[in-house]
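Hello,

Here is the structure I promised to pass on. Please open it first, then read my notes below.

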Amino acid sequence: MNAMPAIEFSGISKSFAGVRVLRGISFKLGAGRTLGLVGENGAGKSTLMNILGGNLLPDTGLMVLGGTPYTPQGPTDAARAGVAFIHQELNLFANLSIAENLFLSALPRLGSLPWIDRKALHDRTATLLGQVGLAIAPDTLVEQLSAGERQLVEIVRALALEARLIILDEPTTSLSVRETETLFSLLRRLQARGIALIYISHLLEHVRELCHDLVILRDGEVVAQGSIETYDTPAIISAMVGRSLTRLYPERRGTSTTAPLLEVRSLTQVHIVRDISFTVHRGEVLGIFGLMGAGRSELARILFGLDTAQHGEVRMGDRVINRGEGPRERMVRGLAFLTEDRRHEGLCLEASIADNLALVSLRQHARTPLRLLDRNTWQRAISTVRAAVRLTEKVSDAQSVQTLSGGNQQKVILGKWLLAKPEVLILDEPTRGVDVGARFELYQLILDLADRGAGVLMISSEIEELTGLCDRILVMSQGEIRGNFPRAEFSREHLLAAALPREAHA
Amino acid sequence: MPSSRPTKETAGLILPGPLFRRALGSDYFVLGLCMIYTLAVGPFTPGFFTPENAANLLSTALPLLLVALGQMIVLITGGIDLSVTSIIGLCSVTGAMVMNPESGGLGGDMLTVPAGCIAMLLVGMLVGIANGFAVSRCRMPAFIVTLATMMGVGGFAVWLTQSKAINQLPSAFNALGGHTIIALAITVLIALCVHMLLGRSVFGRWLYATGHNPRTAHISGVPVGGVLIAAYACSGVLAAVASVFYTGQAETGSPVLGQRILLDVIGAVVIGGTSLSGGRGKVLWTIFGVLFLKLIDNTLNLLSLSIFTLTIVKGAVILLAAVLDALRIRVAGHPA
């Protein structure tokens, strides 16, 4: 074990506009070790890492990198010192090739001429890609890569800059199970090479799998630190939220009925989904599990009329939904859809909380002949739904939603659909990037809706979440339904086995 | 080489002080600029503080305001309508042809003026619908679509008249635009309607949502295509009303009427505070924007500066407005 710590923080504090977001953060990380940094949204993880990555300056405190004081004035300084920050939203240029992305700041040139040495660029990139076991041509455009491959390219870029410390912020959110495995095996090789890693994630099982040490932040302070073995998952969670959450999932009060609400029969769209049939019943929470690319989101989009299907039938109650009906018509029939992309499809980011909440239910407040909005009923509806989704009281209705944390943004979208009083709510990865405390509240809202007699169709990549909430789980793989598990038969192994793609027989 | 300074700190440094921030965020910011400008430049401008000048200012500002309101509606959706000047020209020609005793064949009938006006509004609306259709259904960029319309419709208007102006319009028609009180009444009524439409109607909310994020709007059940078509149709109709005023003021139907006002229209809307990137805009802002641009226009004219100087100054003012727009967005992103 190396005696010199790779990075040591002592007494780091930072305030924004008088609000202290970090107070006296001190901990250290040994070379070749991996530190899991966990905490709720707003605990200060991003601020701390932005200080480490040179994006922010600390108000007080010292950082020591590999035995020498480290005071980055900007990301360039950090990169030169061997600190690489891989952001949640990746920083690659999609329109450039892998090679160009890797060497953008130091493209090899033909002698001293201003022309790029294409061959050297190609060869160096190929060597680096070979080191991480990524068999892709260096000239491939980044836009052609999958999310997992892009993540690996980011890491290769860090290696190209000879990073000694790599910060990873939620690297697995958009990766499939297989891609996550590839990523982890690469990270283990980096560990073996003596590179220190700081791993930020809400997924505690991943933290547990990869990390040696753990630091838990809450309200800008280190509330716990030490070897990961000394903490079990409930202990980590209670340290994060500051109270002991006796359970991760709220109690279900109602039960599923047998009255069909949404019926899907032999829905088929070539290369996307095949022969999908299932029924969502009144009061039922039906989960759809599957790996990335199994066709789950595509199915949801077809059900909500955003994409079309060639064959098959969708019924709401006793009426067949016409193939040509778009989101608007399906909304009127009682469907609601919370998409997986909340920033681009769920919210109008610059618009106010009130405008976002009211968007789908506007016509309820325009009953006069001139179709003018009734501000009173509008305002009342917004206040009611704000209370219903337990949106934090600190923000005003007029504030833009982009100022909210991920969990609160998700509550706004859910509130928006609750105002439309849906019969069937389709949720696509509703808790992605949402912290433990806010998750519990979202789960509660979902169950409440089912208890009031609506049907819920919930797509998720997290088995725990589905087994914790659902009455029944369908498993999708390669565009087909490969399993239908009632609550009594929930088992992690069976669900995962059904989700794995089969080798082509025919 | 401190090439990339910490970003948030840097952003903080350029942010203006609290008082200036409040002023920037206010609805009355541009009105304040108008008053400061009047007090600063008015006393040195011969003939500025006269009733004749005020009437002149008003009569030219009214049609500009109408076109600007239409433009604002399109800008809120995140689009742009470059075809408004051509619409004014085509409407002018169409109306004049309908009402001219020789070409129209209605020959002094009671219905001549209403028929002419309806024809003009219809032409404006149809061109607007065509624009909106191309933008929403064919998913073409608004800039290209309306640029093509500007050229096509403009050329068509010239071809229709063979470059000849059409005179002998009914005096009742000329009074609509030529009589400032009537024009003022019509404009106030329309501005109120647009204000209610934007602030108090379902359509208004849809318009802003479409401008903010068309994908979210679509998934939330907003008929995005219809909203876009309606927005361009509004712009076309308002340009047609402006054409009624301009034609009446000139007492002539001409294909090149209002040809030079395109930059004034877009400039006035942007000076007012409507964002070029969509989602933001108010009737009050546009009124003040038009007022500010007209004040500059008017004073520089009275100071008998050349048309070139005038254009240079206007360009500078529009640039200043763009800078202020950027500042405002930054202020909005950083609540104090």
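Domain bounds here come from an automatic or database domain assignment. For chain A, that assignment gives domain 1 (5-241) and domain 2 (260-499). This is a predicted model: local features need pLDDT of at least 70, side-chain atom pairs count only at pLDDT 80 or more, and totals for chains, interfaces and linings use all residues. Residues are numbered from 1 along each chain as its sequence is written, while chains are lettered from A and ligands numbered from 1 in the order in which they are written.

**The two domains of chain A**

The C-alpha centres of domain 1 and domain 2 of chain A lie 33 Å apart. In contact are 11 residues of domain 1 of chain A and 11 residues of domain 2 of chain A (contact: C-beta atoms, placed from the backbone, within 7 Å). Which helix gives the most to the side of domain 1 of chain A that touches domain 2 of chain A? Helix 8 (residues 233-241) of chain A does, with three residues. Helices (H or I, at least four residues) are DSSP runs, numbered from the N terminus. By class, that side of domain 1 of chain A has four nonpolar, five polar and two charged residues. Ala, Val, Leu, Ile, Met, Phe, Trp, Tyr, Cys and Pro count as nonpolar, Asp, Glu, Lys and Arg as charged, and the others, Gly among them, as polar.

**A helix pair in chain A**

Helix 13 (residues 375-388) and helix 14 (residues 406-419) of chain A pack at an angle of about 125°, with their axes 10 Å apart. Axes are lines fitted to C-alpha atoms, for helices over the stretch in contact, and angles run from 0 to 180 degrees between N-to-C directions. Helix 13 and helix 14 of chain A are therefore oblique to each other (under 35 degrees is roughly parallel, over 145 roughly antiparallel, 65 to 115 roughly perpendicular, the rest oblique). Helix 13 of chain A brings Ala381(A), Val385(A), Arg386(A) and Ala388(A) to the contact. Helix 14 of chain A brings Gly415(A), Leu418(A) and Leu419(A). Those residues divide into five nonpolar, one polar and one charged.

**Between the chains**

The contact takes 30 residues from chain A and 25 residues from chain B. Helix 11 of chain B gives the most to the side of chain B that touches chain A, with five residues. The residues of that side of chain B divide into eight nonpolar, 11 polar and six charged.

**A covered helix in chain B**

Helix 14 (residues 262-272) of chain B is mostly covered, with nine of its 11 residues buried (buried: 20 or more other C-beta atoms within 10 Å of its own, C-beta atoms being placed from the backbone). Among them are Asp264(B) and Val265(B). Gly273(B) follows helix 14 of chain B, and its phi is positive, near 125°.

Best wishes

Methods: Two residues are in contact if their C-beta atoms, placed from the backbone, lie within 7 Å. Helices (H or I, at least four residues) and strands (E, at least two) are DSSP runs, numbered from the N terminus. A residue is buried if 20 or more other C-beta atoms lie within 10 Å of its own, exposed if 12 or fewer, and partly exposed in between; C-beta atoms are placed from the backbone.
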